[in-house]
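Hello,

Here is the structure we spoke about. My notes follow below it.

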Amino acid sequence: MRKIPILIIFFLVVGDLCAQDSLVQKQKEVKVKKGWTFGALPTISFDSDLGFQYGGLVNFYHYGDGSIYPRYRQSIYIEISRTTKGSGINRFYYDSEYLIPKVRLTADVSYLTEQAMQFFGFNGAESVYNSEWEDDSQDSSIYKSRMFYRHDRKIFRIMPTFQGNLLKGNVHWKWITGFAMYNNKIDTVDVERLNKGKNAQNKLPYIEDLYEKYIRWNLISPEEKNGNLITYIKGGIAYDSRDNEANPFKGLWTEAVLSVAPAFLGDWKQTYTKLTLIHRQYFTIRPEVLSFAYRVAYQGTLSGEVPFHMQPHIVPTVLTSATSQGLGGSRTLRGIQRNRVIGDGIIFGNFELRWKFLRTIVFNQNLYLGTNIFFDAGMVVDKIDRDFDNILFKLPETAGDYFSDQKEKLHSSAGLGLKVALNENFILSCDYGRAFDPNDGKSGLYIALNYLY
């Protein structure tokens with residue numbers, strides 16, 4: 001991981017030599033794209049527990065006659081990847097403002113399998129994270145399992161969203177509506193499968209993990225422990241004045257969305273309602289080269305009880321990645337453990353300085369290189385109400401290993417990124433973040449598509 005920041009610093013130095021000329025030459029160098037183009041990437045990685053990941057993704061863009069470039073008429077995204085021990089992504093995503101006249105349609109159909117989804121408990125700082133328990137280099141009296149803070153999760157998801165102009169003659173104000181169907185299947189980590197082919201020294205121990213403890217302590221109820229079918233209906237308004245969706249230099253993007261998950265559209269015991277407020281703003285410091293962008297957000301439960309596996313889900317207007325969840329991880333707080341900060345109400349913010357330091361043409365395709373320096377922070381503002389007092393009473397000696405009496409505070413991280421963009425819209429992103437507090441983890445390296453917001 002140490003090589004990533006060094007690589008970015010190298011690009012910063014080299015980019016300074018290129019930025020002046022690339023800005024002057026931009027207008028004459030840019031090729032207006034027409035018809036269909038695409039970007040594709042192989043998916044190859046390795047995890048000692050989950051095995052080799054293999055597969056690929058492709059994103060097709062249709063620009064029509066090129067009159068609206070760099071905007072596109074249609075985008076089709078397909079990703080299929082697997083790990084040799086059972087995890088996988090199967091995703092189809094479609095986006096167009098032209099399929100339905102005067103209505104933008106985004107549609108996602110996905111089947112996601114994760115054999116080691118992170119689970120650290122509820123309410124942020126009130127749940128203790130002990131990294132030594134999952135560090136197999138520790139003494140056996142300390143080490144529990146690399147899978148102690150994990151569980152198995154499978155999701156089948158359908159999510160269409162519709163947007164249109166709210167006011168006649170005003171393209172910035174939008175109405176939003178749609179629904180999402182999540183069929184969640186939750187279980188313990190399949191340790192037996194992950195241990196196949198490993199020598200005795202590297203095998204995972206068979207222990208009671210945190211997810212199982214929460215079930216035994218009744219902090220996760222029998223009705224939710226194995227997942228549920230949840231369907232929510234969403235509606236709201238948005239204001240969007242960005243100059244370019246994929247790479248904005250100026251404008252606002254603000255949205256307020258109310259989502260309702262009726263009990264009769266799933267198998268959860270009661271209806272619940274959430275409110276999501278997200279504001280993003282973009283500032284030009286130097287045209288086409290340097291910009292500042294920030295995002296601040298709130299999501300809270302207005303009514304009902306939410307099953308634990310849906311609490312990390314942040315309701316999106318447009319789903320730009322395979323998942324939309326946090327707090328913690330690649331989509332919210334980079335460098336902090338995924339799903340580290342879970343509550344009934346959360347706030348978070350992301351702040352980035354973005355530099356596009358090189359623009360050129362490669363094989364007749366528009367290409368730019370960029371970097372970003374970021375600071376992320378978030379916290380729980382409304383706690384999940386479960387019977388913690390009863391558990392603390394039953395665990396007089398070991399309660400401090402799992403629960404803390406410290407008050408919730410900001411969970412913060414910072415880092416650097418590198419961006420490689422093809423024809424303005426296909427953007428390969430690499431971000432490296434470090435957590436400020438060891439109780440939130442150490443660091444994270446994330447390779448994905450698109451800017452975070």
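**Aromatic pairs and other contacts**

The structure holds 29 aromatic pairs (Phe, Tyr or six-membered Trp rings with centres within 6.5 Å; planes under 30 degrees apart are stacked, over 60 edge-to-face, the rest tilted). One of them is stacked: Tyr-182 and Tyr-232, with ring centres 6.5 Å apart and planes at 20°. This pair links distant parts of the chain, 50 residues apart. Tyr-182 is in strand β7 (residues 170-187) and Tyr-232 in strand β8 (residues 229-240); strands are DSSP E runs of at least two residues, numbered from the N terminus. Both are buried (under 20% relative accessible area, 1.4 Å probe, protein chains only): Tyr-182 at 4%, Tyr-232 at 2%.

This is a predicted model: local features need pLDDT of at least 70, side-chain atom pairs pLDDT 80 or more, while totals for chains, interfaces and linings use all residues. Numbering runs from 1 along each chain as its sequence is written, and side-chain values use heavy atoms, without hydrogens and water.

Two charges sit over rings (NZ of Lys or CZ of Arg within 6 Å of the ring centre and within 35 degrees of the ring normal). Lys-144 has its charged end 4.6 Å from the ring centre of Trp-133. Arg-334 lies over the face of Phe-374, at 3.8 Å.

Next, Gln-311. This residue is in the loop between β11 (290-303) and β12 (345-362). Gln-311 is buried, at 5% relative accessibility.

Regards

How values were computed. Helix = DSSP H or I, 4+ residues; strand = E, 2+ residues; numbered from the N terminus. Buried < 20%, exposed > 50% of the residue type's maximum accessible area, 1.4 Å probe, protein only.
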